[in-house]
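Here's a quick briefing to read alongside the model. Have the structure open and follow along.

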Amino acid sequence: QLHLVESGGGSVQTGGSLRLSCAASGRTFSTAHMGWFRQVPGKEREFVATIHWSGASTWYADSVKGRFTISRDNVKNMVFLQMNSLKSEDTAVYYCAARSVGLQSRRADQYDYWGHGTRVTVSA
């Protein structure tokens, strides 16, 4: 049982930065792998980044490597996505997700809990 709520989205110009936050409620947060995914109309939800339950490893989509950083605070039950050097292609609704059982994963269908998303718009 995990309840996830995203925040921090907004509108920025190309090259700008945003930090997304995900607040989790539930005892299992500290042992769950966490991920960020994004979606635009007409496209499938795509992987952005994931962090191991312990914070020991992080994985990123090729499109965001070097620009985005995922992190977590298991005391505060929070996960973050720092987004720098934003491009128009980053415009999407961003979702926080949790995988409570199994290995760290890039697959959306392997995550058990989802927030309702926060919108990010990047304009020239």
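Let's start with Trp114: at 27% relative accessibility, this residue counts as partly exposed (buried is under 20% relative accessible area, exposed is over 50%, and partly exposed is in between, using a 1.4 Å probe and protein chains only). Keep in mind that this is a predicted model, where local features need pLDDT of at least 70, side-chain atom pairs count only at pLDDT 80 or more, and totals for chains, interfaces and linings use all residues. Residues are numbered from 1 along each chain as its sequence is written, and side-chain values use heavy atoms, with hydrogens and water left out.

**Aromatic rings**
- There are four aromatic pairs (rings of Phe, Tyr and Trp, the last by its six-membered ring, with centres within 6.5 Å; planes under 30 degrees apart are stacked, over 60 edge-to-face, and the rest tilted).
- Phe37 and Trp114 make a tilted pair, because their ring planes sit at 55° with the centres 5.1 Å apart.
- That pair ties together distant parts of the chain, with Phe37 in strand 4 and Trp114 in strand 10 (residues 113-114), 77 residues apart; strands here are DSSP runs (E, at least two residues), numbered from the N terminus.
- Ring pairs join Phe37 and Trp114 with Phe47 and Tyr111 in a cluster.

**Charges over rings**
- Arg72 has its charged end over the ring of Phe29, 4.6 Å from the centre (the rule asks for NZ of Lys or CZ of Arg within 6 Å of the ring centre and within 35 degrees of the ring normal).
- Trp59 has Arg106 over its face, at 4.1 Å from the ring centre.

**The nonpolar core**
- The largest nonpolar core has 33 residues, and Met34, Trp36, Leu81, Met83 and Tyr94 have the most contacts inside it (a core is a set of buried Ala, Val, Leu, Ile, Met, Phe, Trp, Tyr and Cys residues joined through side-chain atoms within 4.5 Å).
- Strands supplying at least two residues each include strand 3 (18-25), strand 4 (33-39) and strand 8 (78-83).
- Strand 9 gives the most, with five residues.
- Beyond its neighbours within four places in sequence, Leu81 is in contact (heavy atoms within 4.5 Å) with residues including Trp36, Val48, Phe68, Ile70 and Tyr94.

- Gln1 is in the segment before strand 1 (3-7) and counts as exposed, at 76% relative accessibility.
- The C-alpha atoms of Gln1 and Arg27 are 7.9 Å apart, though 26 residues separate them along the chain.
- Leaving aside neighbours within four places in sequence, Gln1 contacts Ser25, Gly26, Thr28 and Tyr113.

Conventions. Helix = DSSP H or I, 4+ residues; strand = E, 2+ residues; numbered from the N terminus.
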